[in-house]
Amino acid sequence: MTSTEAETQGRFNLKKSRSVRFTLIGVAGVFLLAITQELAKNPTSDITSSGTWSIAVAWSIPILMAGLGGIFSERAGVVNIGLEGMMIVGTWAGAVGTILVDPWFGLVLAAAAGALGGLIMAVATVSFQVDHIIAGVAINVLAVATRYGSDLFFPSHGGSITQSPTLTAPASFDVPLLGTMFRSIEDKEWLFFSDLAGILGGFVIHTTWFTLFLIALVPFSTWLLWKTAFGLRLRSAGEHPVAADSLGVNVYKYKYYGVVISGALAGVGGGFLSVVLTGIYKEGQTVGKGFIGLATMLFGNYHPVGTAGGALLFGFAETLRLRDPAAPHGLILGIAIVLGLALLYYIIKRNWKRVTVVGRTRLRLR
Amino acid sequence: MSTLAVELEGITKRFPGVIANDKVGLRVEDGEIHAICGENGAGKSTLMKILYGMQPADEGVMKVRGEEIVLRSPTEAIALGIGMVHQHFMLADNLTVLENIILGAEPARSGVIDFKKAHEDITRLASDYGLNVELDDLVETLEVGERQRVEIIKVLYRGAKILILDEPTAVLVPHEVEALFQNMRELKAQGHTIMFIDHKLSEVLEISDSITVIRRGKTVATVKPEDVTARDLAELMVGSELPDPGTQLATVTDKVVLDLTGVTTVGPDGRDIVKNVSFSIHAGEIVGVAGVEGNGQGELVEAVLGINPIEKGKVLFNGEDATDWKVRRSREAGMGYIPEDRQRRGLLLSAPLWENDMLGHQTLAPFIERGFWIDPDAARRHTEEVIDKFDVRTPNALVSAHALSGGNQQKLIVGSQMSGDISLLLAAHPTAGIDVGAQAAVWEDLRTARAAGLAVMLISADLDELIGLSDRLLVMFHGEIVAELDPAKVTPRELGSYMTGASAQGDHS
Amino acid sequence: MITRIKYTLAAPAIALLAAVIFSSVVLLATGVSPIEAFSNMAEYGSRGVTLVAVLNRSIPFFISGIAVAIGFKMNLFNIGVEGQYILAAIVAAKVGSSVDLPAPLQITLILVTAMTVGALWSGLAGVMKTSRGVHEVISTIMLNAIAVAGVTAFLLRRWSVDGGSQSLETKLPEISESGWFPVLFTVDNGRVGLSSFIFVAIVVGVVFHFFVERTRWGYDLRATGISATSAESSGVNPKRTVILAMVLSGAIAGLVGMSELLTFEHNYNLRFVQGIGFTGIAVALLGRNNLAGIAVSAFVFAWLDVASGVLEVRGDAPRAVVGLMTGVVILAAVIAYAVMERKRAEEELRTASEAIEEVST
């Protein structure tokens with residue numbers, strides 16, 4: 001036992017987690033397919049350039065945040081369909097905060113607005129025991145009300161009822177050393193290595209502090225959920241609330257934490273979308289990213305790392321669409337189908353336990 | 001001179017219409033393995049839940065190590081060094097063994113779990129008691145026996161000195177039972193006190209230092225295993241007197257309604273649940289199936305009705321091959337069903353009574369006209385008749401089923417099922433958990449129907465019911481029919497030993 | 001019975017009241033007189049021309065609500081009405097523009113096509129649930145994304161008259177005139193007319209009601225929704241019932257876009273109305289899944305939607321206050337229903353036990 005101890009002490013173990021491994025393989029496969037197809041057609045394509053990939057990374061952030069949000073809520077045993085709505089209020093609050101103060105404040109306000117949505121969700125589902133799906137749908141409908149706020153705020157600040165004025169973009173930069181290194185390898189035009197450097201470079205070139213900070217939430221969430229007492233209790237509240245309760249864990253409290261954190265993450269994702277990514281708030285700009293985040297969470301099997309892989313896939317698809325609006329519909333469709341198949345695969349494997357059994361478990365404490 | 005670890009005096013616990021514990025007393029000595037035996041529903045589990053703080057007692061005194069205690073929650077019991085391993089394990093499948101063990105009592109520095117310390121502590125604890133588990137496996141991947149060891153470690157990790165095991169062997173296969181007993185002996189050797197519930201008598205005799213028998217909520221006796229035989233114990237459990245079957249006229253006809261030949265069903269894990277069962281039921285006959293819960297009786301009924309498929313064998317219903325019938329076909333052909341779990345299997349709680357009455361008859365007159373059209377007026381009239389005839393206490397047929405008491409819900413189901421045009425009634429525990437008045441009414445209804453030529457398969461854990469109603473008595477053990485008995489002649493000793501597997505027909509005359 | 005009605009009506013009343021109070025507070029806080037705003041809305045909203053527009057709007061809301069309610073009746077969440085009706089609309093528009101049959105046949109063909117497409121698309125979610133255990137919420141959300149962003153976008157480019165340019169004018173060829181639904185009458189000098197599709201909506205509603213409440217299949221559906229295990233013991237095949245419910249829900253969802261398509265647009269284009277699938281969920285929730293409730297709540301949502309226009313025109317208050325009201329109505333309604341349901345059960349339990357006391361004394 002001692003030999004494996006260091007390796008497995010509660011730490012996330014890639015070898016043991018088959019699903020994450022499959023996810024990564026799947027993601028890599030799709031990327032590879034798309035990339036080789038593109039390169040075969042057009043050898044000078046910039047599909048592996050660090051420029052393309054830094055856009056892909058940035059566009060994956062909102063989806064990633066929704067996905068992480070989904071993980072916190074789902075792990076605490078609440079199915080959160082309301083992520084989309086929480087993200088919508090995040091885009092709005094982010095823009096407002098940026099106009100009032102600066103982008104940092106914008107993102108904080110976005111997180112707070114999302115958390116408020118999460119709180120409403122928690123009150124409905126945990127305290128009033130409203131069906132999770134129904135409550136989530138209601139939250140999404142409620143989020144439409146942000147237009148009222150837009151109407152009050154944006155026209156007087158140089159925007160209109162459906163969109164904000166252009167926001168001050170946060171400064172972007174290359175991460176020292178790493179950025180230069182990847183750029184120089186990329187410039188050498190070595191087969192494969194330059195392409196790989198381009199992709200990796202996407203994470204460190206032309207980035208912002210926000211991007212790096214939010215990417216850091218992936219390992220942070222993993223650490224929080226699997227290495228701390230807080231994380232263990234939160235997960236136990238979702239996995240087996242009765243057992244958790246019998247061991248003195250305050251199940252309601254941890255469910256509240258999970259759902260509120262979930263809302264804050266979705267909100268910050270929305271804030272990133274409006275403040276950092278597009279530099280403007282536009283009504284309806286999330287176009288279902290909250291739902292897609294939920295799908296990437298499933299794709300990543302409720303784990304932050306796998307979810308990040310799924311989010312990157314969608315971010316990449318988004319980039320392709322931005323590059324050439326005519327090309328991608330087929331690709332998006334293809335990816336969606338691949339995703340659907342992967343989903344099916346997991347569900348056969350894991351038979352959807354968490355959502356159907358735990359997710360809908362109404363707490364029946366004594 | 002040994003001291004008492006646990007002493008219970010005059011513990012009484014009432015549930016609506018039922019007294020689960022009636023002034024129960026129990027004395028468990030420090031460092032012994034103490035078995036608590038009794039039939040299903042005798043009140044053993046309730047007693048243990050009281051001792052673990054899960055339910056408050058209505059009356060009585062509890063003492064632990066001589067000190068009088070009052071428990072309001074399991075947390076308080078844990079603080080006093082009492083730990084319980086439930087029959088249905090309280091383990092989260094998607095957490096690791098280690099996580100399950102430390103949950104709620106994590107060794108942590110400013111919130112960060114000290115996995116190294118947890119690992120060391122638990123490994124030491126586990127090896128001290130010979131409880132082998134792989135700490136980093138997900139509980140999901142564990143066998144039942146391993147899960148049980150995790151549960152035991154879980155209570156030991158919290159410092160329990162007194163362990164309560166609720167039917168620990170019920171879920172285990174023989175070699176796992178052997179391992180469990182080894183663990184229990186080890187625990188005892190290290191000074192722990194163990195109380196466990198069991199009704200497999202050979203096991204009880206093998207492992208325990210003392211045995212307390214509970215019957216109908218009362219303590220019958222506390223004995224030492226060296227002083228008794230399995231048959232003595234069986235008699236203590238079942239009672240020295242069996243109810244009088246009463247002077248009923250036999251109404252059995254020679255018309256075979258249900259005929260089973262070699263019926264075998266397979267559980268989800270691939271093991272046989274019902275094994276090669278053959279018998280037949282005639283019109284006007286009640287065949288009782290006795291057995292300790294979990295020996296395949298429930299599955300047998302579900303297989304006949306068509307809820308579960310029949311793997312091997314043949315079912316004839318009124319001469320027709322009904323082996324592969326689905327539920328609807330069986331219903332339409334004239335089978336009625338009183339399910340064991342009425343809320344899950346027999347009622348639509350939030351629907352009005354007339355829609356509940358319709359359940360199982362939703363393709364049949366008078367509920368349906370012209371093949372598919374519901375006739376609510378006719379349905380309501382039918383339900384009102386059932387309410388009248390079977391004395392269901394309700395304001396009308398429009399209230400929801402959940403507004404009725406358990407007894408009245410049951411009378412509605414019984415009435416509804418028997419008022420159809422049926423020739424066979426599959427009745428599983430028809431009076432479980434209902435008050436005495438309702439019980440008598442249901443019994444009377446069954447007798448009347450039998451006299452009118454109904455064939456009844458009756459499953460029950462209540463021997464009064466089985467002996468009082470049945471024309472013939474079959475005993476099921478481990479999925480097989482091990483005996484066919486005459487309820488008028490059977491002795492408690494005989495019945496008890498068949499039910500507990502202490503003897504099988506053939507070595508008994 | 002009276003208890004039942006009392007609690008059923010209490011919840012939406014509370015929800016509407018909450019919405020009015022909450023939006024009044026918001027209006028006040030932003031310096032608008034709620035009384036003036038609401039009375040303007042009421043005045044505008046009670047004009048004939050507005051009411052016709054409201055009825056036109058109610059038609060798809062109502063049909064969408066019915067589609068969702070069929071699923072809800074057995075605890076299935078068809079979130080996918082959105083994708084189902086959009087996909088159905090584009091395929092029906094293609095079929096309608098490709099053939100030119102006599103009116104009855106043409107209309108039947110178009111409607112059957114739309115229903116079939118909707119049924120197949122949602123049936124897919126049903127099959128995924130019964131064969132693989134995929135929760136229908138996730139599969140229908142995924143299918144929405146695939147239908148709207150994938151298939152419909154692809155088909156629109158494929159079938160569009162100008163061969164797939166990206167302009168906002170991208171549209172399919174016009175549907176043959178024999179497939180059009182006429183307007184019944186017009187008001188405001190012929191500017192607004194009531195769609196005759198309202199008759200189809202009424203038929204859908206009535207059929208839904210009788211199917212669910214008065215046929216044995218509907219009973220099976222409802223029984224499964226209340227207790228899948230009890231239903232199974234009574235002879236219901238749970239898998240078949242899931243697929244049946246999804247297929248029916250999808251078939252009706254297929255009709256959601258038809259009113260707009262066949263009465264007003266006559267072709268499928270890039271601006272084809274979206275979002276009604278989600279409104280349908282709100283309609284079904286507020287309407288408590290029954291015919292009258294759905295009809296009323298479809299009308300309420302449509303009225304709010306249309307009448308709010310006046311707020312903007314007059315400059316009294318932002319039109320978006322209606323969005324706020326809608327959201328609060330829904331949220332308050334679901335919570336109020338959950339609370340009322342519990343209260344009703346308690347009261348029923350009490351009256352039932354009182355009745356027993358009376359019987360026994």
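User: In this predicted model, which residue in β14(B) does Asp259(B) stand opposite?

Analyst: The model is a predicted one, and in it β13(B) and β14(B) pair in the antiparallel sense, with seven bridges between them. The hairpin formed by β13(B) and β14(B) has five residues between its strands, and there Gly270(B) takes a positive phi near 90 degrees. Within β14(B), the residue that stands opposite Asp259(B) is Ser280(B).

User: Over how many bridges do β13(B) and β16(B) pair?

Analyst: Strand β13 of chain B covers residues 256–266 and strand β16 of chain B covers residues 312–317. Across this pair, Leu258(B) stands opposite Phe317(B), which belongs to β16(B). The sense of the pairing is antiparallel, and the number of bridges over which the two strands pair is five.

User: Which strands of chain B are the edge strands of the open sheet?

Analyst: The open sheet is formed by four strands of chain B with antiparallel pairing, and their order is β14-β13-β16-β17. An edge strand pairs on one side only, and in chain B this applies to β14 (272–282) and β17 (320–321).

User: At about what angle to β14(B) does helix α9 of chain B run?

Analyst: Helix α9 of chain B, made of residues 297–305, lies across β13, β14 and β16 of that chain. Relative to β14(B), the helix runs at about 65 degrees.

User: Is Trp354(B) buried or exposed?

Analyst: Trp354(B) has its place in helix α12 of chain B, which covers residues 353–358. Leaving aside neighbours within four places in sequence, Trp354(B) is in contact with Ala379(B), Arg380(B), Thr383(B) and Ala397(B). A residue counts as buried when 20 or more other C-beta atoms lie within 10 Å of its own. Because Trp354(B) has 23 other C-beta atoms within 10 Å, the residue is buried.

User: What distance separates the C-alpha atoms of Trp354(B) and Glu186(B)?

Analyst: Along the chain, Trp354(B) and Glu186(B) are 168 residues apart.

User: Where in α3(C) does the kink lie?

Analyst: Helix α3 of chain C, residues 48–73, has 26 residues and reaches 35 Å from its first C-alpha to its last, close to the 38 Å expected at 1.5 Å a residue. The helix is followed by Asn75(C), which has a positive phi near 60 degrees. The kink in α3(C) is of about 30 degrees and comes shortly before the proline Pro60(C), at Ser58(C).

User: Which helix of chain C gives the most to the side that touches chain B?

Analyst: The contact takes 32 residues from chain B and 24 residues from chain C. On the side of chain C, at least two residues each are supplied by α8 (216–226), α9 (228–233) and α15 (321–360). The residues of this side divide into eleven nonpolar, eight polar and five charged. With eight residues, the helix that gives the most is α15(C).

User: How many helices does the secondary structure of chain A come to?

Analyst: Chain A has 366 residues, of which 57% are buried. Among its contacts between residues at least 6 apart in sequence, 75% join residues at least 24 apart. The secondary structure of chain A has zero strands, and its helices come to 17.

Conventions: Residues are numbered from 1 along each chain as its sequence is written. Chains are lettered from A and ligands numbered from 1 in the order in which they are written. This is a predicted model: local features need pLDDT of at least 70, side-chain atom pairs count only at pLDDT 80 or more; totals for chains, interfaces and linings use all residues. A residue is buried if 20 or more other C-beta atoms lie within 10 Å of its own, exposed if 12 or fewer, and partly exposed in between; C-beta atoms are placed from the backbone. Two residues are in contact if their C-beta atoms, placed from the backbone, lie within 7 Å. Ala, Val, Leu, Ile, Met, Phe, Trp, Tyr, Cys and Pro count as nonpolar, Asp, Glu, Lys and Arg as charged, and the others, Gly among them, as polar. The expected span of a helix is 1.5 Å times one less than its number of residues. The bend at a residue is the angle between axes fitted to the seven residues ending there and the seven starting there. Two strands pair if DSSP finds at least two bridges between them. Axes are lines fitted to C-alpha atoms, for helices over the stretch in contact, and angles run from 0 to 180 degrees between N-to-C directions.
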